[in-house]
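Please keep the sequence and the model open as you read.

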Amino acid sequence: MIKSMTGFGRGDYTDGKRNVTCEIRTVNHRYADISVRMPKRYSFAEEKVKGIIKNEMKRGKADVSIIVENLAEGDVTVRLNTAVAQQYINSLKELKETCAVEGDIDLKMVASMPDVIRTIPDVEDEDEAAAAICSAVKLAAESLSEMRAIEGQKLADDLDMRAQTVKNIVKQIEERAPMVSKEYTDRLYERIRELIEDKVDIPEERILMEAAIFADKANITEELVRLDSHMSQMKTFLKGEEGPIGKKMDFLVQEMNRETNTIGSKANDLKITALMLDAKSEIEKIREQIQNIE
């Protein structure tokens, strides 16, 4: 199945202790590049998260955002730093005496000072937390995969249409190509008649030799066959190839461009050149589209 490299997926999961939300955004990239943003306390689950996404995505850049909230009471420890509190008290007393200011040093004031009382996350069961996170990631990855498949099918339909357009152009060129040599021969005859004005016989053998040399140089049969074959191969990729095909199609487009350039340079015919320009325009659009395919 053809998949786009761009997409979005979201997954929500709760295990009663924590609510986990995962969002995955993907864009084009030559390789698989996954970056994960999640609370530091759950960093032990990062490799598992990447492993889940790698199963769904072979190419592309994925930005993964994971939010964990609504923790149960057992997941938080409150710690009192009495040493810091005592330093605050001593400093406040010194301030009061030195600057002759009035006011009482009470519990509320000291407790509100930074680092006197801290809440520290305390994950008792890493496997349980990782399971909840991975469940949300799997849901997001499935949602992402569905979206990428839908977008991929749209790309496949467009590419199939463009491939058929190029095949039709190739057919027109195949019909036109045999006429090029004949028209060249006719022009050669006409030019010689203008030059000699029927004063001498036209050198048939020499003209036929020139025509044969021209026909050989302008022969584009092999290039047309290969170009048509490339288009058929691309249509096969779109319909039945399993796994990522983006790199294969990128190489195929390079071969298409090589054949169209050769045809354009060898044909020596304005009509074929015009048709080749149309073909190159379609192939360029194909090249742009396959940049989005995994």
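R10 and D12 form a salt bridge, and their closest N and O atoms are 3.1 Å apart. A salt bridge here is a side-chain nitrogen of Lys or Arg within 4 Å of a carboxyl oxygen of Asp or Glu. As background, side chains of opposite charge can pair when their charged atoms come close.

A word on the ground rules: this is a predicted model, in which local features need pLDDT of at least 70 and side-chain atom pairs count only at pLDDT 80 or more, while totals for chains, interfaces and linings use all residues. Residues are numbered from 1 along each chain as its sequence is written, and side-chain values use heavy atoms, with hydrogens and water left out.

**Salt bridges**

How many salt bridges does the rule give? The count is 22 salt bridges. R10 and D12 also belong to a network of salt bridges that links them with E23 and R25.

| Pair | N to O distance |
|---|---|
| R10 and D12 | 3.1 Å |
| D63 and K61 | 4.0 Å |
| E259 and R226 | 2.9 Å |

The E259 and R226 salt bridge, at 2.9 Å, links distant parts of the chain: E259 lies in helix α7 (residues 246-267) and R226 in helix α6 (residues 221-240), 33 residues apart. Helices (H or I, at least four residues) are DSSP runs, numbered from the N terminus.

**Buried or at the surface**

For accessibility, buried means under 20% relative accessible area, exposed means over 50%, and partly exposed is in between, using a 1.4 Å probe and protein chains only.

**Cysteines**

A disulfide is a covalent bond between the sulfur atoms of two cysteines. The rule used here asks for a pair of cysteine sulfur atoms within 2.5 Å. How many disulfides does that rule give? The count is zero disulfides. C22 takes part in no disulfide, and the nearest cysteine sulfur, that of C134, is 9.7 Å away. C22 is buried, with a relative accessible area of 0%, whereas C99 is partly exposed at 45% relative accessibility.

Key: Helix = DSSP H or I, 4+ residues; strand = E, 2+ residues; numbered from the N terminus.
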